[in-house]
Structure formats: structure tokens, C-alpha cells
Amino acid sequence: MALTNNKFVTTWVDEMAAMTKPDKIVWIDGSEEQLAALRDEACSTGEIIKLNQELLPNCYLHRTAVNDVARVEGRTFICTSKKEDAGNINNWMDPKECYAKLTKLFTGSMTGRTMYVIPYSMSVVGSPFAKYGIELTDSIYVVLNMAIMTRVGTDVLEALGEGGDFIKGLHSKAQLDEENRYIVHFPEDNTIWSVNSGYGGNVLLGKKCFALRIASYLGKKEGWMAEHMLILGLENPEGEIKYITAAFPSACGKTNLAMLIPPTVYKEKGYKVWCVGDDIAWLRVGDDGRLWAVNPENGFFGVAPGTNDKSNPNALATTKRDTIFTNVVHNLDNNTVWWEGLDNDPPANAIDWKGNPWDYKKYDKKDKSTCGAHPNSRFTASAKNCPCVSSEFNNPNGVPVTAIVFGGRRAKTAPLVYQSRSWQHGVFVGSIMASETTAAATGAVGVVRRDPMAMRPFAGYDMGDYFAHWLEMGKKIPNKPLIFNVNWFRTDDEGHFIWPGFGDNMRVLMWILARCDGKVDAVETPIGFVPKAEDIDLTGLDLSIDTLKGLLDVDKDLWKDELAGIEEFYKQVGDRVPQELYDELAELKARLG
Ligand code: GTP
Ligand code: SPV
Ligand code: MN
């Protein structure tokens, strides 16, 4: 039975049901009883596996289809009526053509299945930031994930009332046919359609599809921003908390930074780090002239490999209950899970992410095809279970932002940290971000590509207009955050990471906040301001000051090579790249000599 009389909702649900022809329709009310029943049902069909309830209470394992393990950027489309509004970086399809094409794929796609109607809110229901969505899906796995990642239930329908202001999401696994897999967005219709996938970012429509692609489009129209950013609070011994947001591309360290545990030298003094968000930030200018951030999500869809009790103990602790693991190793000896980088103790009696018996002795670190867990295997865990979740997590007004940090995986060019010269220069720094690709999306891994503001796969409109929006926002924020760039991933000649990373990244955050407070000097370089090596505290680290100097070094020749790549990328973005950014490029060129 429908949980609302809202005609906008019921008419649309009826239309979608007429097309997809499910055997029945079930409305998700957000109750634990209903979710428990769905978990039982999914266990009975093998869709999820109940794990050891003593060691991992309320935890489950799911495996997606072998050809369906990451986002599919090549099959993701922005369908605006004018092609130029989607821009050159996005794939575009004419909305009419796209509706027609996908209607064929959706027709009868839910026959023999149930259609679940999931009312959900991105950010706290009723808050000034909140935006509502309804996802229709034929996957219990999607329902269970959405119930962790977003705020789901009848209160969303109550908050929506009689209005039609919600994002209409339709998802069907259909036949999981790779050749007919599409993730499409109609920003002008507040609509998202996703078909033939069962993997996270393609099907949890509140996340990348709504909270980034559609929301960035809305933000441009309405004067706010939706960004691929973590949000963390750094508390000093006096109890003051400063908030930092950071945009790194997929699988480049947001979850890890957001939950970091301070190194002993800071912990002993009383410093603490609190997690507000690990993937998405919505940003608005507050009445006080500062920029305010909320995390619209309610959980974490985090990368499993590499997560352990040294690298990210907080994330590991978060996954000890109420978690859905996707594409990790199933340890049959104790019915728990394992992944590469969890510990040095791979299970002897195990099933790999493909569902086949797995022999850890054949595992070769350098050959990803021998992995037990997929490199993009993930955990879906509830924010409330995170030991370092911020007390402001549910604050409807969000948190004020002191610094914005960009970063990516660069083996050489980018130094450990540098500060931009101004907001406009900071936008330039974000726009020229480049990073090695990861397993989070299908395609080659380890190839350097431009990924401006970590939003290349997620901006719901023209990238040049997106840059212009960043510049515009700067004019609307009287009390602007300062903008920095970091790189934890510089490597030595043998390809090893030089910087220890993880908790030790706090040492860099401390310099960033000292800069924001005007408490520390810096060295001017052609690309921006870098720290004096002695201003990064190395206490307790086995890293020499000379090595640190190397990490902070700006190699002019490498940067001169970079110029051509930037210019080429701007050309590719097209004629909407703001002149201000070309001016910044010219000034960088001049400073490099
Ligand atoms: P998405 O969820 O895909 O948006 O990714 P994310 O940015 O949250 O990335 P995450 O924090 O999950 O990190 C991805 C991978 O990078 C993991 O395997 C981490 O172990 C590794 N990683 C994170 N931080 C660091 C770091 O400081 N140094 C090094 N060397 N590796 C890191
Ligand atoms: C990413 O790829 O940036 C993710 C995971 O955060 S997904 O939800 O699949 O997009
Ligand atoms: Mn992400």
C-alpha cells in the first residue's frame, strides 16, 4: 500500500510500475522490522550471506556480478536538452532519445520481481540543506544499502508533503547486461535512471547520481556547491574545532583522512580529529559570511583493501556491526571477511570475490587478478557506529569551513603540500588536478588523468561552467576558506611511497591550519606557498628533514611539462573555461620562467 497520497509521487510510481511490470510493489517505511525481514529474504535467496553474528553482529556479505564491480564512466550520461550544457567532459545523450532507448530496457524488467519504493533524504530531514529523493529498485541489496547510506522512511514523505520537489530515481538490475548498462541523468527533469548494474555507485542513486551530479547542477542554479569532499574537524587542546574539507579522486584517501588518528606527538597534547563526512560535501554561504558544509549521507561506502587497524582503525571499528561487505573474501573457517591489507593472516579456507575457492598461497601482490578481494571491494557502514563521528554530524546547519584541500595521486610533480595564492588561484589549482586512475571505475588503473576538483566523473553540467561557478562562489563568501593542495603519493625510484601517510597526514593538516591562523611563514614558489621543512613536525617519525625537503621540492622542469597538459585539458573542456583561469595559467608560466 502506498505510504503517501502525494499525487506527484503516486502518479510517477504507477507510471514506472506500468513500464517495469513488477509482480508487486513494497514501500520502504524505514522500520527495523521491515529491514530485518528483507535481510532474511535476501539471505534465503543467497543475495546476501549472514556472517558470524557473534564477531560481526548484523553484518552481511554480498557479491556483485563479476563484470559489475565499479562505476562505469563510459556508460554514464548527462541528458540535457542542449548538448553544450552537459559539456565536453560528460557523455551526453538527447533526453528524448535516451528515454526511448532506456524505456525498451526497462519494459518488463521487473517482471517476477518486487519493486521497492525507497523515500530518502540527503542530509537531516527538514534541515535547510535537505533534499529528498525516491528510488524505485528491484534489488533488496540496494534497499539495505540505501537504509545505511541515507535517511530512509515515512518521515521523508511527511516532510515532502503534497509537493513535487523530489528526485525521481529508477533502478533495475534487469539482466545485469554489461552491453546495455546505463546510468543516466536528466537534470532538467530531476530524474535518474540506472539499468543493468548492481554495483554501489551505479545503483545507490542518492550518492554520486543525486548528491553530486544532480546536486551540482542544482547548486549552480541555486548558488551553492555539491563536492566530492570529505569533511573533518580538528580539535586543539583548548577544545576549539576547525573544519577542513578535502577533495581527492575516488580511492585516493578521503575516508582515511576523514577518520585519521593523530600521531602520538599530537594525541599526547590533546588533539583530536572528528569525522563529519568521507565522500560528499554540500556547501552553502552562511549568514556569518563563512562557507558551511554538511555531509548529505548517513553512512560510508568505503574501500576495503588497505583498511586495517594501523591505517584506519576507526573505519575498521565502524565495520564491526551493521555492515554490508561487497566483493571481499569470505573466510569459511569462522564465517567472517578478509581483504588484502587487512592483516598478514589470509584465511586458508576461503571464497574469493568471484565466489570461487581461493588459495592465498597463489596470491601475488603485483598481479591484481590473484587477489581474494576485488581492489574496489567495499563496506557499507553506518556513521553512527564510527568511533570518531563528529558531534556535529546531525547538525542541520553543518560546520564552518576553514580550509579547502585538493589532492590526488601524483608520483612526482605535486609536492606534499602547497597553498594557493588567492581564491582565484585556488580554483585554478583545483582545475588542474591530475591523479592516477584507480579501481573505483572500470578501465585502466594507474594512468594519470586530469580530474578537476575530483569531480571529473561527477559534475552534472559543463566543466567550464563549473569552474565559473567556483569563481562566482568566491565572490559570495566574504570570509573565504584558504585553498591548499596535498599529495601523499610521491614515490621513490623503486616506486615506494616516501611519505608515511594515513595518521601522519595530520602533520600537514597542522601546517595548513597554522597558515589559516597566520601563525607560520612559508616559502614562495612558482606554484604557490610551500612549508619551510622545519615547520612540519616530524617528531616520532623515521623520516629525515632532507627527505621532507625532497617531498616539498617544486621541480620547475616537471611543472613546465605540466603546462602543455593543462592547456590541452582546458581546450578539451572547451570555450566555457573562464578567462581568469587562462590568466592564472599565463602567470604560472611566467613564474616558471
Ligand atoms: P572513494 O570512496 O572511492 O571516493 O575513495 P576515498 O577517497 O575515500 O579513498 P580511501 O580513503 O578509501 O583510500 C583508498 C586507498 O588509498 C586505500 O587502499 C587506502 O589504504 C589508500 N590510502 C589512503 N590514504 C593513504 C595515504 O595517506 N597514503 C597511502 N600511501 N595510501 C593511502
Ligand atoms: C567513488 O568511486 O568515488 C566512490 C564509490 O565513492 S561509488 O559510490 O561507487 O562511486
Ligand atoms: Mn567517492
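Which of the 22 residues around ligand 1 come nearest? Select ligand 1 and you will find that Ala 251, Lys 254, Thr 255, Asn 256 and Arg 378 come nearest of the 22, where a residue counts as around a molecule if one of its heavy atoms lies within 4 Å of it. Before going on, note that this is a predicted model, in which local features need pLDDT of at least 70 and side-chain atom pairs count only at pLDDT 80 or more, while totals for chains, interfaces and linings use all residues. Residues are numbered from 1 along each chain as its sequence is written, chains are lettered from A and ligands numbered from 1 in the order in which they are written, and side-chain values use heavy atoms, with hydrogens and water left out.

An N or O atom in the side chain of Lys 254 is 2.7 Å from an oxygen atom of the ligand, and an N or O atom in the side chain of Arg 378 is 2.8 Å from an oxygen atom of ligand 1. On its own, ligand 1 has 660 Å² of accessible area, and the protein covers 91% of this, as computed by the Shrake-Rupley method with a 1.4 Å probe.

A polar side-chain atom of Arg 71 lies 2.9 Å from an oxygen atom of ligand 2, and for His 228 the corresponding distance is 3.3 Å. The protein covers 98% of the 290 Å² of accessible area that ligand 2 has on its own.

Now select the manganese ion, ligand 3. Its protein donors are Lys 208 (NZ), His 228 (NE2) and Asp 279 (OD), lying 2.2 to 2.3 Å from the ion; donors are N, O and S atoms within 2.8 Å of the metal (3.2 Å for Na, K and Ca). In sequence, these donor residues are spaced K-x19-H-x50-D. Lys 208 belongs to helix α8 (residues 206–222), whereas Asp 279 is in the loop between β15 (272–277) and β16 (281–285), 71 residues apart.

Finally, colour these two residues by accessibility: are they buried or exposed? Lys 208 is buried, with a relative accessible area of 6%, and Asp 279 is buried too, at 9%, since buried means under 20% relative accessible area.

Technical notes:
Helix = DSSP H or I, 4+ residues; strand = E, 2+ residues; numbered from the N terminus. Buried < 20%, exposed > 50% of the residue type's maximum accessible area, 1.4 Å probe, protein only. Polar contact = N/O pair within 3.5 Å; in protein donor to acceptor, adjacent residues only side chain to side chain.
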